[in-house]
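Thanks for coming, everyone. Let me put the model up, and then we'll walk through it piece by piece.

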There are 2 protein chains.
Amino acid sequence: MNEFDLIDKYFTRPPEKALLGVGDDCALLESNKGMHQCITSDMLVEGRHFLSTVDPYRLGVKSLAVNLSDLAACGATPSAFTLSLSLPQVDPHWLELFSSGIWDTALLFGMDLVGGDTTRGPLCISITAIGEVPPGDVLLRSGALEGDDIYISGTLGDAALALAVFRGFVSVDAQSFERIRTRLEQPTPRVGLGVALRGVANACIDISDGLIGDLNHILERSGVGATLGTEWINNSEAISIDMQQQSFNKRLDYVLSGGDDYELLFTASRDAREEVRFASEQSRTPVTLIGQITREKGLKVFDLRRELMQRRFTSFDHFQTHSTYD
Amino acid sequence: MNEFDLIDKYFTRPPEKALLGVGDDCALLESNKGMHQCITSDMLVEGRHFLSTVDPYRLGVKSLAVNLSDLAACGATPSAFTLSLSLPQVDPHWLELFSSGIWDTALLFGMDLVGGDTTRGPLCISITAIGEVPPGDVLLRSGALEGDDIYISGTLGDAALALAVFRGFVSVDAQSFERIRTRLEQPTPRVGLGVALRGVANACIDISDGLIGDLNHILERSGVGATLGTEWINNSEAISIDMQQQSFNKRLDYVLSGGDDYELLFTASRDAREEVRFASEQSRTPVTLIGQITREKGLKVFDLRRELMQRRFTSFDHFQTHSTYD
């Protein structure tokens, strides 16, 4: 199978929205009148972002989902993406599953695959996703205001716990493992919530490197600080059943700096609590209030007795020694 | 240096056209009223698309240039790009040179670097470029018509000759080598010519896998055939001085199926010869008439005595054994 046959067979379907999809030098998109375009790119490398044993279907889902998560964080409606793929060999079984994961996710979120590249080389997946947002409605990291509530969507720490199980550091029962490994391998991008938060949230980011690290991006960009409680770690949906079996301190690590969550972290005015609840219901996405934005810079985390915690929390960095898959 | 410092230091400058560049979950672009967006992605892998010894500045230039060449082939005006980079290590000297090559090329063609990703892994460069074209003016592979003239821009075969020198198959004098290796390592995307050919060319593609292979894409998409002469290989600017020193048959190989040329191959009506000449002058890009589109399918190449050549010409395929860098 040559390069063009491979693209034809696995990565070409007629586009729904794009004027021209795969097959020419460029794809052609028409912008909806007056809408702004959101662009994001993510690269996934074997051994760094996924285990070499991962199911190819799930890898396809995740490759697109991590980009959708960035669009969600900006409140964008997904429209199209390109896929560049470096493959060690042409394995029809692998390609069939991987491309199915890509297509199923694309269909679910109304995206056209409009182009890309395939080449032989170390397994590396690079996607650029494009979405649309009405002018003025884009959600940025820089909009957090003093007094804002801080929220997260869904549950945190599951992906990090699943990785700890893979690495043999922790064990959980088989049913729990299936659930949390799905969170690691097929994260759910919060696209519906992002769109529902247009005009409601003041700042937003997706949590990919851990809550603390990504909250710090909002604080730096917005020139503010924050206080976080930890009681929600015991009391809310923001921690899954499997995580409840871990000690509180272990849970803190997973939840605050686990990474690979692909949940939204956002801030909104105290006056907007009703709108946040409505956005959560409308998008069927649980959200949890976890803290407040402060004028004083820096991040303070309070323990269950409401005392300031002194310990440091790390965040994931692709160039430091702290890496999840090395 | 962590991932964010690296992006800040080497890959962040205020955008000229984009509403929002590097630093948030997405970049934000505003489309010019009524314009269509052209999107293209190319991935370059060490050992496959470039030699590991290549000068990092030139690699930066080439990485963006190959994407610009695709925009040129569609007649698009470049606007923005994203860069995803997998690096074996953080080498400040390498990054300084590579990013300079990227920025110099971006500046030359009026493009904003608006986002991307960096991670540790095998050296792999993935760029998605975006350009604009007025509705109806996009140049496609599918528009060639019976009787059209077939043209190429610039010179062909230089890059393939340079690679043959690198591999020790051929030798040329030092000055010639410097010139042809620049053609291999820093191709010139024909963006000006592409824009000038709007409304003039009927079909267009950029030559990356060799003239024969890329002409076949036009023929297949357009449902037509072609005849090519070979006398232009001796008589025109389409063959460089260094190539003239090779035997005619060797030259045929380099010119017809060498690859890595990044010249435009386009067709236009016989009645448009004056407009083609004007587009060439306007963009200061030499073009050469090399053949005609025929109703009868298939590609016929005629030798200097105007006899049909029986030999097969190959084209570059990233998944076949014929690979330039393996």
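Copies here are superposed by least squares on the C-alpha atoms of residues with pLDDT of at least 70 in both. In general, two copies of a chain are related by a rotation about an axis and a shift along it. Now the result. Chain B can be laid on chain A with an RMSD of 0.0 Å. The move is a turn of 180 degrees and a shift of 0.0 Å along the axis. The two copies are therefore related as by a two-fold rotation axis. The same surface serves both copies, and 100% of the contact residues of chain B recur in chain A.

Some ground rules. This is a predicted model: local features need pLDDT of at least 70, side-chain atom pairs count only at pLDDT 80 or more, and totals for chains, interfaces and linings use all residues. Residues are numbered from 1 along each chain as its sequence is written, while chains are lettered from A and ligands numbered from 1 in the order in which they are written.

Next, the interface. Two residues are in contact if their C-beta atoms, placed from the backbone, lie within 7 Å. The contact takes 53 residues from chain B and 53 residues from chain A. Which elements supply the chain B side? Helices (H or I, at least four residues) and strands (E, at least two) are DSSP runs, numbered from the N terminus. Those giving two or more residues are α1 (3-11), β1 (27-30), β2 (36-45), α2 (56-73), β3 (77-87), β4 (112-120), β5 (124-133) and β7 (203-207) of chain B. The largest share, nine residues, comes from β2(B). By type, the chain B side has 23 nonpolar, 18 polar and twelve charged residues. Here Ala, Val, Leu, Ile, Met, Phe, Trp, Tyr, Cys and Pro count as nonpolar, Asp, Glu, Lys and Arg as charged, and the others, Gly among them, as polar.

Strands cross between the chains too. Two strands pair if DSSP finds at least two bridges between them. Strand β1 of chain A, residues 27-30, runs antiparallel to β2(B), joined by four bridges. Look at A:A27: this residue stands opposite B:I39 in β2(B).

Now see the sheet that takes in a strand from chain B. Five strands form an open, mixed sheet in the order β4(A)-β3(A)-β5(A)-β2(A)-β1(B). Which strands sit at the edges? They are β4 (112-120) of chain A and β1 of chain B, each pairing on one side only. From one strand to the next, the twist averages 20 degrees. Helix α1 of chain A, residues 3-11, packs on this sheet and touches β3 and β4 of chain A. The direction of this helix makes about 145 degrees with that of β4(A). Axes are lines fitted to C-alpha atoms, for helices over the stretch in contact, and angles run from 0 to 180 degrees between N-to-C directions. Inside the sheet, β3(A) and β4(A) run parallel, with eight bridges between them. A:S84 has A:D117 as its bridge partner in β4(A).

On to domains. Their bounds come from an automatic or database domain assignment. Chain A gets domain 1 (3-133) and domain 2 (141-301). Their C-alpha centres lie 26 Å apart. Between them, the contact takes 20 residues from domain 1 and 18 residues from domain 2 of chain A. On the domain 1 side, α2 (56-73) and β3 of chain A are the elements giving two or more residues.

Over to chain B, strand β9, residues 263-268. Buried or exposed? A residue is buried if 20 or more other C-beta atoms lie within 10 Å of its own, exposed if 12 or fewer, and partly exposed in between, with C-beta atoms placed from the backbone. Six of the six residues in β9(B) are buried. One side shows B:E263, B:L265 and B:T267, the other B:L264, B:F266 and B:A268. β6 (149-153) of chain B runs antiparallel to β9(B) over four bridges, with B:I150 opposite B:T267. β7(B) is also antiparallel to β9(B), over five bridges, and B:I205 stands opposite B:L265.

One last stop. Most residues other than glycine have a negative phi. A:R284 has a positive phi, near 50 degrees. A:R284 is found in the loop between α11 (273-282) and β10 (287-294) of chain A. This residue counts as exposed because it has 9 C-beta neighbours inside 10 Å.
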